[in-house]
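Visitor: I have a structure open and would like to go through it with you. Can we take it piece by piece?

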Amino acid sequence: MLEKKALTKVEINDVLARRWSIRAFDPNKEVEKEKIIAICEAARWSPSSAGDEPWNFILFDRFKDPESFAKALDCLSDYNQIWVKYAPLLILTIARDKWRNSEDLNRWSQHDTGAAAMSIYIQAVSMGLMAHPMGGFSVEKVIDEFEIPDGFTPMAMIAIGYQGDLEILDDYNKKRETAPRKRRDLSDNFYYGKWGKAIEF
Ligand SMILES: Cc1cc2nc3c(=O)[nH]c(=O)nc-3n(C[C@H](O)[C@H](O)[C@H](O)COP(=O)(O)O)c2cc1C
């Protein structure tokens, strides 16, 4: 199995280090019901501003509900469909634009939905699964297809499943799958005390 552990200056949490966005999913292994529930629970117990839980999730299970999965797959950009078609589970994340009890915009709702999505990735990895978030899908199409009401913003699709054989991928995606993971230097994005002052270790 291809491991692409994060290269860090000091040791970090093992699940965080092992998470990466795979494309080669095992097409024959479905995600067990208990694990799907655990993924939902992990998101449910994420932090949110004022505890408003400004998120919704729609799950598409290729094994249990192939029709809905096919519709969700069709909303994805072609460059994603080519490998997502083998994933057993897709999750659409949606942010609630306004506070539940007010007409005011909740400016943290997308932040909180993203945090809940991270809980999904981490819970998945901790159970032997992998997760790959995607922004490459038609927002208009998912709103239309899944009857998402006004006031809700589709954020990301997440492909989840077990890692499979690299050979399932086309040549282009095989190359991407085996490419080393990269990150900017710590001093690029992490400041100390004021904007632009790089942290020195
Ligand atoms: C909001 C969001 C949108 C993304 N969209 C796509 C996408 O459409 N297709 C894709 O293959 N990867 C997509 N990715 C995955 C990123 O390319 C990936 O997380 C990044 O390159 C870092 O790699 P890693 O997750 O393996 O550490 C997306 C990730 C996020 C968080």
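Visitor: Which residues are around the ligand?

Guide: Keep in mind that this is a predicted model. The residues around the ligand are Trp20, Ser21, Asn80, Pro133, Met134, Gly135, Gly136, Ala156 and Arg181.

Visitor: How many of that shell are nonpolar, polar and charged?

Guide: Four residues of the shell are nonpolar, four are polar and one is charged.

Visitor: Changing topic. How many helices and strands does the protein have?

Guide: There are eight helices and four strands. Read from the N terminus, the order of elements is α-α-β-α-α-β-α-β-α-β-α-α.

Visitor: What does the C-alpha trace span along its principal axes?

Guide: About 50 × 50 × 30 Å. Of the 201 residues, 28% count as buried. Among contacts with a separation of 6 or more, 75% are between residues 24 or more positions apart.

Visitor: On to the strands. Which way do β2 and β4 run, parallel or antiparallel?

Guide: Strand β2, residues 89-96, and β4 run antiparallel, joined by eight bridges. One of the residues involved is Arg96, whose bridge partner in β4 is Phe152.

Visitor: And how many bridges pair β3 with β4?

Guide: Five, again in the antiparallel sense, with β3 covering residues 130-134. Ala131, for instance, has Ile160 of β4 as its bridge partner.

Visitor: How many residues of β4 are buried?

Guide: Seven of the 10 residues in β4, which covers residues 152-161, so the strand is mostly covered.

Visitor: What about helix α5, how far apart are its end C-alpha atoms?

Guide: They are 26 Å apart. Helix α5 has 18 residues, 109-126, and at 1.5 Å a residue it should span 26 Å, so the two values agree.

Visitor: Which residues of α5 are buried?

Guide: Ser109, Asp112, Thr113, Ala116, Ala117, Ile120, Tyr121, Gln123 and Ala124.

Visitor: What do those pack against?

Guide: The buried residues of α5 pack against helix α2 (33-44) and against strands β1 (55-61), β2, β3 and β4. After α5 comes Gly128, whose phi is positive, near 90 degrees.

Visitor: Which residues other than glycine have a positive phi?

Guide: Ala50 is one of them, with phi near 60 degrees. Glu53 is another, with phi near 45 degrees. For context, most residues other than glycine have a negative phi.

Visitor: Where do Ala50 and Glu53 lie?

Guide: Ala50 is in the loop between α2 and β1, and Glu53 lies in the loop between α2 and β1 as well.

Visitor: Why does Ala50 count as exposed?

Guide: Ala50 has 12 other C-beta atoms within 10 Å, and a residue is exposed if that count is 12 or fewer. Glu53 has 19 C-beta neighbours inside 10 Å, so Glu53 counts as partly exposed.

Visitor: Last one, Glu140. Buried or exposed?

Guide: Glu140 is exposed, because it has 10 other C-beta atoms within 10 Å. Glu140 is found in helix α6, residues 139-145.

Visitor: How far is its C-alpha atom from that of Ala17?

Guide: The C-alpha atoms of Glu140 and Ala17 are separated by 35 Å, and the two residues are 123 residues apart along the chain.

Notes:
Residues are numbered from 1 along each chain as its sequence is written. This is a predicted model: local features need pLDDT of at least 70, side-chain atom pairs count only at pLDDT 80 or more; totals for chains, interfaces and linings use all residues. A residue is buried if 20 or more other C-beta atoms lie within 10 Å of its own, exposed if 12 or fewer, and partly exposed in between; C-beta atoms are placed from the backbone. Helices (H or I, at least four residues) and strands (E, at least two) are DSSP runs, numbered from the N terminus. Two strands pair if DSSP finds at least two bridges between them. Two residues are in contact if their C-beta atoms, placed from the backbone, lie within 7 Å. The expected span of a helix is 1.5 Å times one less than its number of residues. A residue is near a molecule or strand if its C-beta atom, placed from the backbone, lies within 6 Å of it. Ala, Val, Leu, Ile, Met, Phe, Trp, Tyr, Cys and Pro count as nonpolar, Asp, Glu, Lys and Arg as charged, and the others, Gly among them, as polar.
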